Amino acid sequence: MKQIVAAKETHPLWGPKKIVARLKRIAPELAWPSASTAGAILARHGLVSVRKRARLRACGNGPSPQAEAPNAVWTGDHKAGSGPVTGGAARR
């Protein structure tokens with residue numbers, strides 16, 4: 001536990017996953033905790049902060065353009081992953 005905290009203090013930009021990976025490489029004979037446990041240890045010592053989740057926002061480009069003549073405005077509706085190449089609905 002002391003080595004995990006010391007590694008975080010030495011490298012403040014490293015996360016628990018990288019810290020545990022580096023410590024396993026340095027001393028593979030020791031039983032290191034998982035990255036989530038290392039993150040809990042770092043949180044207990046106040047060395048990591050919880051990131052605020054990004055707010056989901058509605059997509060869109062604003063109002064639809066007004067058509068001045070027939071076939072003047074064309075739109076497309078694309079659904080990713082639905083074709084036979086990507087294994088979408090055609091494969092099911």
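Predicted model: local features only at pLDDT ≥ 70, side-chain atom pairs only at ≥ 80, totals over all residues.
Trainee: How do you know whether α2 is roughly parallel or roughly perpendicular to α3?

Mentor: Two packed helices are described by the angle between their axes and the distance between the axes. Here the axes of α2, residues 16-26, and α3, residues 35-44, come within 8 Å and cross at roughly 115°. Angles of 65 to 115 degrees count as roughly perpendicular, and therefore α2 is called roughly perpendicular to α3. The crossing in which α2 passes α3 is right-handed.

Trainee: Which residues make the contact between α2 and α3?

Mentor: On the side of α2 they are Pro 16, Lys 17, Ile 19 and Val 20, while α3 brings Ala 35, Ala 38, Gly 39 and Leu 42. Sorted by class, this contact of α2 with α3 has six nonpolar residues, one polar residue and one charged residue.

Trainee: Why is Gly 39 called buried?

Mentor: Gly 39, which has its place in helix α3, has a relative accessibility of 15%. The cut-off for buried is under 20%, so Gly 39 counts as buried.

Trainee: Which residues does Gly 39 touch, if those up to four places away in sequence are not counted?

Mentor: Gly 39 touches Pro 16 and Val 48. As for Lys 17, that residue and Gly 39 are 22 residues apart in sequence, and their C-alpha atoms are 8.0 Å apart in space.

Trainee: Which residues of α3 are buried, and why are they said to be on the same side of the helix?

Mentor: The buried residues of α3 are Ala 38, Gly 39, Ile 41 and Leu 42. They cover an arc of only 160° around the axis, and therefore they are placed on the same side of α3. These buried residues pack against α1, which is residues 2-10, and against α2.

Trainee: What does the face of α3 turned away from its buried side carry?

Mentor: That face carries Ser 36 and Arg 44, which are exposed residues. Following α3 there is Gly 46, whose phi is positive, near 75°.

Trainee: How many of the residues of the whole protein count as buried?

Mentor: Of its 92 residues, 16% count as buried. Among the contacts with a separation of 6 or more, residues 24 or more positions apart account for 36%.

Conventions
Residues numbered from 1 in each chain as written. Heavy atoms only, no water. Axes fitted to C-alpha atoms, helices over the stretch in contact; angles between N-to-C directions. Helix = DSSP H or I, 4+ residues; strand = E, 2+ residues; numbered from the N terminus. Parallel < 35°, antiparallel > 145°, perpendicular 65-115°, else oblique. Left-handed = near helix turned anticlockwise from the far one by under 90°. Contact = heavy atoms within 4.5 Å. Nonpolar A, V, L, I, M, F, W, Y, C, P; charged D, E, K, R; others polar. Buried < 20%, exposed > 50% of the residue type's maximum accessible area, 1.4 Å probe, protein only. Arc of directions from axis to C-beta.
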